[in-house]
Amino acid sequence: MHAYPYTITISSEKGGVGKTTLATNLAIYLKAMREDLPVTIFSFDNHFTIDKMFELQKRDDDNHDVHALLMGAKASEVVLTGQYGVGYIRSSTELGDIHERFKGPMTLTRMLAESGISGIVIIDTRPDLNILTQNALYAADRVLIPVKDLPSLENCKNIFALFDQRGIDKKSLALIPCLIDSRIKFEGIFKDQKTLLRAIAVNRGYRCLDSFISKSPKVESLNTNPDGKIYPILTHARGTEVHSQFMEITRDILRSVDTTGETRACLYHTWLMEKEAGKKESYLARLEGLADRCLICGALLAEAPDDRSFYFETSDRSTRGFLHGACVSNMLCSTLYSLQENDPTFNTARALVADKVSRAVSFLLPRIGFEASRLDYRQFSMTGELLLQKHIEIPGFDAGEFNGVHDRLFLLLNEALAGFEGALRKESWLSIYPVDPDKPESVLHEESYKTIHRLQKHFADEVKLLNKL
Ligand SMILES: Nc1ncnc2c1ncn2[C@@H]1O[C@H](COP(=O)(O)OP(=O)(O)OP(=O)(O)O)[C@@H](O)[C@H]1O
Ligand SMILES: [Mg+2]
Ligand SMILES: [Zn+2]
């Protein structure tokens, strides 16, 4: 079975509020309190705190780091087993250029969903709200926002606003008072820093954890020592109240891990797969009901499958199918230049037409009247620009007269657009799209069909406008 991580992001636009301290120590406490739970941590920071804390031995031999992960490397290749049994991904100084790749807000969610990482992932972010941080926020089942004072509390509103803008549920967001100096006491109901911060937070509609983290000189000293290491609170500051606060926070996190049925990564993956399946279904649906013959030469396409170079669709979508390349260029050559096949210039003209039409959409709108019958023929680029327009008289169409010039056109129009008692369906038209003759059906795949869908709609709008005039 595919594994999905429960993701925790630590974020705050304010620097120095204790994000990294919270992220790294939380990883260690989680691992200590539940040994069999895989815990993986990485940071978008370039302080290398993660590396200094978890690295078992120095390694600068490869570039298996956060940069590689974000560039699409497999998680199994970049996650290293570190100290205290915590999995970590090495930090990188090169995340600047990643922003280009991370235009969308859900890229990291997708990466985590497909990573196969199980257990818990902790993401330590930089003090900003750039696209990487946003990705980490949206990927998280839990976002912990450390606040230590009013300015940092003030800053939170940007995170909440971000979720509002995207219409994402904010229940994952929670503030946690950090670096709380317990010696500071106030008169009145807000008796200390954390009570004051919590009251203001709640007043603004922010969820705030019951737990908090005190400021402790012992904790502060853990990253300043002669061997340049950073020591965990669990092993080196057990005597402090911060130790029991971390135990409490960890217990709280484990409770939500246990009660979360489907993590964000899991939900996203399921949604992605459904979307893919939906695409496949609509592709199969589009394959159904295609005309079994080339409507110009009448040959069964199963028997003459080569050179299926065009796909056509009528305005009402009731007739769709493939046409031979040679049939289309012969037809257009006659139609556009009034040339018969035995004309000496026919071949040269056809080569020209074939070249043009292989790169453009042809739009055919017949206007059959009492007095005269005409064809409004247009060529468009794939982006919908009009390249060519020609009004072609087609006398004798109504009477079904063949004259050697318009025969192929008449056949196509009659076959594709025939309505009641031999007349054409009212206001109907058709368009012809070039396709890859090696795999013509691929035009019906979601991505390529989008273009057709868009152009058909565009043509429909134009015809509507024309009919109003
Ligand atoms: N509970 C604590 N008691 C005392 N000092 C602390 C505590 N937690 C963190 N610190 C100290 O505060 C400083 C900032 O902490 P930390 O690096 O975790 O913050 P940060 O939010 O990650 O900063 P940045 O925004 O620069 O990444 C560090 O010197 C750290 O040792
Ligand atoms: Mg940090
Ligand atoms: Zn044909």
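## Around the ligand

Helix 1 supplies the largest share of the shell around ligand 1, namely three residues. Helices here are DSSP runs of H or I with at least four residues, strands are runs of E with at least two, and both are numbered from the N terminus. Among the 17 residues around ligand 1, those that come nearest are Gly-15, Lys-19, Thr-20, Thr-21 and Glu-220. Helix 1 and helix 10 (217-220) are the elements that give two or more residues to this shell. A residue is near a molecule if its C-beta atom, placed from the backbone, lies within 6 Å of it.

Before going on, note that this is a predicted model, in which local features need pLDDT of at least 70, side-chain atom pairs count only at pLDDT 80 or more, and totals for chains, interfaces and linings use all residues. Residues are numbered from 1 along each chain as its sequence is written, while chains are lettered from A and ligands numbered from 1 in the order in which they are written.

## The whole chain

Step back, and you can find 17 helices and 13 strands in the protein chain. Its radius of gyration is 33 Å, well over the 23 Å that the globule rule gives for 469 residues, so the chain is more spread out than a compact globule. That radius is taken over C-alpha atoms, and the rule is 2.2 Å times the number of residues to the power 0.38. Along the principal axes, the C-alpha atoms fill a box of roughly 100 × 55 × 35 Å.

Of the 469 residues, 39% count as buried. Buried means that 20 or more other C-beta atoms lie within 10 Å of the residue's own; exposed means 12 or fewer, and partly exposed is in between, with C-beta atoms placed from the backbone.

## Two nonpolar cores

Which residues touch the most other members of the largest nonpolar core? They are Ala-27, Ile-41, Ile-122 and Ile-145, in a core of 71 residues. Helix 1 (residues 19-33) gives the most to this core, with seven residues. A second, separate core has 39 residues, including Val-328 and Phe-410. A nonpolar core is a set of buried Ala, Val, Leu, Ile, Met, Phe, Trp, Tyr and Cys residues joined through C-beta atoms within 7 Å.

Helix 7 (residues 131-139) has eight of its nine residues buried, so it is largely enclosed by the rest of the structure. Among the buried ones are Leu-132, Gln-134 and Tyr-138.

Now look for the open sheet whose six strands have the order 9-8-13-10-11-12, with antiparallel pairing. Strands pair if DSSP finds at least two bridges between them. Strand 9 (320-324) and strand 12 (386-393) stand at the edges with a single partner strand each, so one side of each is left without a neighbour in the sheet.

Strand 11 (residues 373-380) runs antiparallel to strand 12, and seven bridges join the two. Phe-380 has Leu-386 of strand 12 as its bridge partner, and Tyr-377 stands opposite Lys-390. The hairpin of these strands has five residues between them, and Gly-384 there takes a positive phi near 95 degrees. Is strand 12 enclosed or in the open? Of its eight residues, the number buried is zero, so strand 12 lies largely in the open.
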